Each structure stands twice: as structure tokens, then as C-alpha cells.
Amino acid sequence: MNGTPANAGEFDLIERIRRRAATRRDDVVLGIGDDAALLQVPAGRLLVVATDTLNAGVHFPEGTAPADIGWKALAVNLSDLAAMGATPAWCTLSLSMPRGDDAWVDAFLDNFLSLAGQHDVALVGGDTTRGPLSVCVTVHGFVAPGHVLRRDAAKAGDDVWVSGTLGDAAAALVQWRAGTAIAAALRERLDRPVPRVPLGLALVDIANAAIDVSDGVLADLAHVCAASGVGAEVDVDALPASEALRALFEGDARRHVQATGGDDYEVCFTAPASSRDAVEAAARGARIAVTRIGRIVEGHGVRAMDANATPWVPANAGYRHFSG
């Protein structure tokens, strides 16, 4: 890990992390232990870089198990690579903690490195510091030029699709903030989102545009529309829901967490209507369900409606930092 000089406790943690994060990739020339990592980008590939920060009390409830924080910290970043159709390669980890705690770090690394191993990701550097609990991860991946999913390529007439189910994580946060017990199935989705990397790779050359659903599907789809200069129509009653969510939330309460809740880390993407069979075949190959939820239209903005084509207007379109 890289950083400014500090007390011996910091370097003990760095050495602990270095020992556990043994590099197994040939493209890592120099990893943890120097002022910076040396990495070899494959010839003919573009480097894709994404960063996300998770703060206690904002991105995960106080008291969340360190193993769950470790999983989520990497998963949300891999979700960004999935939405770009990128192959993951490396990551860095910057960890702020109130105090040096070997047991906490070991538990954090258990799931962080387990998920990294599933996607052949090498931890190559970062930083440790004392402060409020916060985790910042930067991931790096590769794409071939001209074969990348972006936000700015949606076209009028495209179908709008989403992977998996929506709303479980937001519903868990609703229960947490209400002081009620969080249903186990909902808590699992909040703590351990599954990055849809295989789906993103399968959609390259099929989908036109994509984004990961982190702030709510309506808000995130609006980013695609703004970048592409188009509008969208979404059927909120077509949004896929888990059995756990259907059992606990009904009507507008369920629509709200599904359409505007964050932390799903599914992929929302657009593709030509003529590509429906190809989309479904790609999803089967990636072993993840996809659902058609709307269409791209001329104009701007996202219009939501229910199954009866009645306009549906949420109290807010999605999560916003610094909104007060």
C-alpha cells in the first residue's frame, strides 16, 4: 500500500494486507510495497478505471460486519466495470479506520479478496489512515477499442432492460431507518450485491448503452438519456421484484423502493428491439435474468407510468448526495 509516513501501526496493517494479497497476475510488474504500482496494459486494449467510496452510515449501516463491508466495497466498483463491458484486472484499496484493528482488517479482507479471486482481480496498492470508517476502492479493467458499453449511445426505439431484481437493498434501508428488524433476504442484497460482470461482457456488441443501478433505476436511466440526447418511458409495474420484496412491500411502497431506491448494482441497458433474442441468449449465458421495462423515445427525460399507462410520479427520482 502507498501513503505518507505514519506510526508503526499503519505499516503493520500494510504488511498484513500485503501478505494476504499475493499477486498472481503476470501483468503486475510491481505491486504492494513501493511508492506506486507498475502495471502492464495489454496491447490493443483500453484501460477502464472506476472509483467508489463507501462511508459508514451512508452506504452501509453502522455495525455492518467487516466481511460484508469488504465484499461490498469491491462489488460496487466491479459493477461499474460490468456496465462498461470491461474485464476486471486490478484494484487499489484506501482504508480509513478509527483505530488499527487486525481482527477487523482480517475479516474485511476475507470477503474482499474472495470476491477479487472470483474475478481474477489483483490488489496492487492503496493507503491506510486513521479517521472515520471509510473505504475507497479503485478498479481497473480492459476493453477493446470500439467494443465498450457507454451511456451516450442509446437510440430512440431501443428497448430498456434491467438485470436481476430491483428494490431489495433500498427496502432493507427503509427497515433499518425505521428501526425494525431487517429481513434476512433483503439484508443479503444490501450487504453483498453481485456485480454483473459476465452479463456486461456478454452484452458488448449487442447493447447500445448501459449503466449500473446505484442511485435508483429512474435516476440512473436519466443519466443515460441525458448523455444520449433521448427520452425514456418506463413501466414501474414491470420492474422485477424478488419474492421477499413482494411479501413485505406493496403498491406505491414497493414501486418507490424499486424505481428510486439505490444500492441494487444491477445493470440497466438499452438495445435495439431487433436484438431481443440476442439479449435473452446473452443473459442465459451469463446466468442472470433480464427484464424489459420500457423503451427509449425521442425527447428528453424519463417518464414513469404504471401498468395502466397512468403517469406515476415519485416523491424523488433517486438518491442524491449533498441533497440535505
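This is a predicted model: local features need pLDDT of at least 70, side-chain atom pairs count only at pLDDT 80 or more; totals for chains, interfaces and linings use all residues.
Strands here (E, at least two residues) are DSSP runs, numbered from the N terminus, while residues are numbered from 1 along each chain as its sequence is written. A word on cut-offs: local features need pLDDT of at least 70, side-chain atom pairs count only at pLDDT 80 or more, totals for chains, interfaces and linings use all residues, and side-chain values use heavy atoms, with hydrogens and water left out.

**Strand E7 and its partners**
- E7 covers residues 159–163 and pairs with E10 (residues 266–271) in the antiparallel sense, over 4 bridges; two strands count as paired if DSSP finds at least two bridges between them.
- E7 also pairs with E11 (residues 290–297), again antiparallel, over 5 bridges.
- In E11, Thr291 is the residue standing opposite Val162.

**How covered E7 is**
- Of the 5 residues in E7, 5 are buried, meaning under 20% relative accessible area with a 1.4 Å probe, protein chains only (exposed is over 50%, partly exposed in between).
- Both faces are covered: one side has Asp159, Trp161 and Ser163, the other has Val160 and Val162, and all are buried.

**Over at Ala307**
- Ala307 sits in the segment after strand E12 (301–305).
- Ala307 is exposed, with a relative accessible area of 55%.
- Setting aside neighbours within four places in sequence, Ala307 is in contact (heavy atoms within 4.5 Å) with Asp235 and Asp237.
- Ala307 and Asp120 are 187 residues apart along the chain, and their C-alpha atoms are separated by 42 Å.
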